[in-house]
Amino acid sequence: MRASARLVMRMYAGEMVLGVIALRVAGMSWFDAINHGFCALSTGGFGTYPESIGHWDSPAIEATTIVLMLVGNMNFVTEWCLLTGKFRAFVRNGEIRLAAAVIPLSAGLLLWLTCLPLYASAGKAVRVAIFEAVSALTTTGYSTVGYGDWNSLGILVMIVLMLIGGGYCSTAGGI
């Protein structure tokens, strides 16, 4: 039991250190990187600015945060399979397969139904669609944009993602 607890703590600490450094390199201050690293990895979603991750409007910070949210949403056994090179077991995991199917599908729906008509550039629309889909599915709650201008289809996709996300993986807390 102690060995398992130590292993989980080492994994989590290592992920945290790497996440904080990656966020710092991507452009956050140390204070922001530490706070957002902890909250992205724990899928808590608390931020240091009212605009959440959107405060930086940075593809590098958004990509780093996406990785942290996905890793934080994974259970430790699945992470261990990935870290030890047991890729077949990792790929066969139902949670991973579900996320691999749902994220592209939902990001595509958000892109076509809501983001392309709403944002000035296709690049921004793609970034918003992917980030918001991952944030909702992992139940993290970070955002890069406000939802005031979103249409009802985009809001519906987000709600469905939150409902799905609340039912799978390690730290998700849904219905």
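I started with helix 1 and helix 4, whose axes lie 11 Å apart at an angle of about 75°. The two are therefore roughly perpendicular to each other. (Angles of 65 to 115 degrees count as roughly perpendicular, under 35 as roughly parallel, over 145 as roughly antiparallel and the rest as oblique; axes are lines fitted to C-alpha atoms over the stretch in contact, with angles from 0 to 180 degrees between N-to-C directions.) Helices are DSSP runs of H or I, at least four residues, numbered from the N terminus.

I listed the contact next (heavy atoms within 4.5 Å). Helix 1 brings Leu7, Val8, Met11, Tyr12 and Glu15; helix 4 brings Phe76, Glu79, Trp80 and Leu83. I counted 7 nonpolar, no polar and 2 charged residues there. (Ala, Val, Leu, Ile, Met, Phe, Trp, Tyr, Cys and Pro count as nonpolar, Asp, Glu, Lys and Arg as charged, the others, Gly among them, as polar.)

The model is predicted: local features need pLDDT of at least 70 and side-chain atom pairs 80 or more, while totals for chains, interfaces and linings use all residues. Residues are numbered from 1 along each chain as its sequence is written, and side-chain values use heavy atoms, without hydrogens or water.

I checked pLDDT, the predictor's confidence in each residue from 0 to 100. The chain mean is 93, and 94% of residues reach 70 or more. Helix 4 is lowest at a mean of 91, and helix 7 highest at 97.

Then I took helix 7 (residues 122–137) and helix 8 (residues 152–165): their axes come within 7 Å and cross at roughly 40°. That makes helix 7 oblique to helix 8. Glu132, Ala133, Ala136 and Leu137 of helix 7 meet Met158, Leu161, Met162, Ile164 and Gly165 of helix 8.
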